[in-house]
Structure formats: structure tokens, C-alpha cells
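Open the model in your viewer and keep the sequence panel beside it. This tour goes stop by stop, with something to select at each one.

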Amino acid sequence: MNTNSRLEQANDNAAAFWLAQARAHGWQSDVRPGLTAVRCARTPDDSQRFLITRPYNEPADVEKQLAALTTAWETIRFTLEDPYGGLDLTRFGAVRMPIMPVMAREPGPVEGVSAGLPAELPTGLSTGLSTGLSAVSPARGGGP
């Protein structure tokens, strides 16, 4: 697999993560060729997420699309993931942060990890406690 397709795979994974967050929270999203945007709308000043997923020939075209989205969404803050590093968003008050690391691996099973759960639980654990999590209900005084 060549470097660009590995990077594109990692970009697609990041975009899929943010689109899943949008669906789970009912946030607005916009998917365009080479660009995925998520309006993280918990509060008005939440940082919007823009992900560049493919190389671009004309940075100015991408910058115009981002400008239109920030205007339409009344964006106060945003996070841009641009692994190609060719966009200049300083006119929006953006400050370039250190490059984020990217991890990509071929799809498939992970060596050394069992395919399923253990057949038997360790002694002393019941099925309901095997995860180590318990529910807290404020209606019942905060206890399980």
C-alpha cells in the first residue's frame, strides 16, 4: 500500500469517528469530496471539527469551503485536521499547532489477542460485574 493511500485510510478512519459522534449526539455534519465537517453543538462555543481526507490541488478552494462552513455554522472555534499542511487559515485567527501523529495499520486481526471473551470468568466475579463498571442512579440516592 502506498503512503498516500495509508494516509487516506487513516483520514477516513478519523472522519468515520467524528461522523459516528455526530450521529450519536445529533450534531450536524457535512461530507464533501476530500472534506468532512462536524458541528459539535453541545454549546455555542464548542470547537467545530474539520477533517481534510484527500490531497488537494488548490488550497484556496478548500479555504473557501471552510470559510463558508464557518460562516454558516457561526463558528467561534474550530479544529482542522489537515495532514497535507497546505492551508493558510491565519485570516480566521487560526494558529498552527504541532502536527498530529497518524497511525495506520492494515485491517485484520491483531496478533496476540484472543478472538473472543474468556470461556470462564475469574473466581468471584459475576456476569454483571465482569466489566468492572456499575450503574449509578441519582433517583436512588446515587448508589447502584
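What is the volume of the largest cavity? It is about 40 Å³. A cavity here is a set of points on a 1 Å grid over the protein atoms alone where a 1.4 Å probe fits but cannot get out, and lining residues have an atom within 4 Å of a point. Points are joined across faces, edges and corners, and the volume is the space filled by probe spheres set on them.

Before going further, note that this is a predicted model: local features need pLDDT of at least 70, side-chain atom pairs count only at pLDDT 80 or more, and totals for chains, interfaces and linings use all residues. Residues are numbered from 1 along each chain as its sequence is written, and side-chain values use heavy atoms, with hydrogens and water left out.

**Stop 1: the whole chain**

Show the cartoon. The protein chain has 2 helices and 4 strands. Follow the sequence and the pattern reads α-β-β-β-α-β. Helices (H or I, at least four residues) and strands (E, at least two) are DSSP runs, numbered from the N terminus.

Now colour by accessibility. Buried residues are 24% of the 144 residues in the protein chain. Buried means under 20% relative accessible area, exposed over 50%, and partly exposed in between (1.4 Å probe, protein chains only). Of the contacts in the protein chain with a separation of 6 or more, 55% join residues 24 or more positions apart. A contact is a pair of heavy atoms within 4.5 Å.

**Stop 2: the cavity**

Select Phe 50, Leu 66, Ala 67, Thr 70, Phe 78, Leu 80, Leu 89 and Phe 92. These residues line the largest cavity. A search of the whole structure finds 1 cavity of 30 Å³ or more. Helix α2 (59–72) and strand β4 (77–81) each supply at least two lining residues. The largest share, 3 residues, comes from α2. By type, the lining divides into 7 nonpolar, 1 polar and no charged residues. Nonpolar covers Ala, Val, Leu, Ile, Met, Phe, Trp, Tyr, Cys and Pro; charged covers Asp, Glu, Lys and Arg; the others, Gly among them, are polar.

**Stop 3: the nonpolar cores**

Which residues make up the largest nonpolar core? Select Leu 35, Ala 37, Phe 50, Ile 52, Tyr 56, Val 62, Leu 66, Leu 69, Trp 73, Leu 87 and Leu 89, 11 residues in all. β2 (35–39), β3 and α2 each give two or more residues to this core. The most, 3 residues, come from α2. A nonpolar core is a set of buried Ala, Val, Leu, Ile, Met, Phe, Trp, Tyr and Cys residues joined through side-chain atoms within 4.5 Å.

Centre on Ile 52. Leaving out residues up to four places away in sequence, Ile 52 touches Asn 11, Gly 34, Leu 35, Val 62, Leu 80, Glu 81, Asp 82, Pro 83, Tyr 84 and Leu 87. Then look for a second, separate core of 7 residues, including Leu 19, Trp 27, Val 38 and Leu 51.

**Stop 4: the salt bridges**

How many salt bridges does the structure hold? There are 5. Each is a side-chain nitrogen of Lys or Arg within 4 Å of a carboxyl oxygen of Asp or Glu.

Select Glu 81 and Arg 49. Their closest N and O atoms are 2.9 Å apart. Glu 81 lies in strand β4 and Arg 49 in strand β3 (residues 47–52), so the pair ties together parts 32 residues apart in sequence. Both Glu 81 and Arg 49 are buried.

Next, pick Arg 91 and Glu 63. Their salt bridge spans 3.5 Å, N to O. Arg 91 is in the segment after β4 and Glu 63 in helix α2, so this pair ties together parts 28 residues apart in sequence. Arg 91 is exposed, at 55% relative accessible area, whereas Glu 63 is buried, at 9%. Elsewhere, salt bridges that share partners join Glu 8, Asp 12 and Arg 54 into one network.

Finally, select Arg 32 and Asp 30. Their closest N and O atoms are 3.1 Å apart. Arg 32 is partly exposed at 27%, and Asp 30 is partly exposed at 21%.

**Stop 5: Glu 74**

Go to the loop between α2 and β4, where Glu 74 sits. Glu 74 has a positive phi of about 50° although it is not a glycine. Most residues other than glycine have a negative phi. Glu 74 counts as exposed because its relative accessibility is 62%.

Definitions and conventions. On a 1 Å grid over the protein atoms alone, a cavity is a set of points where a 1.4 Å probe fits but cannot get out, and a pocket is an open set with protein on both sides within 12 Å along at least five of seven lines; lining residues have an atom within 4 Å of a point.
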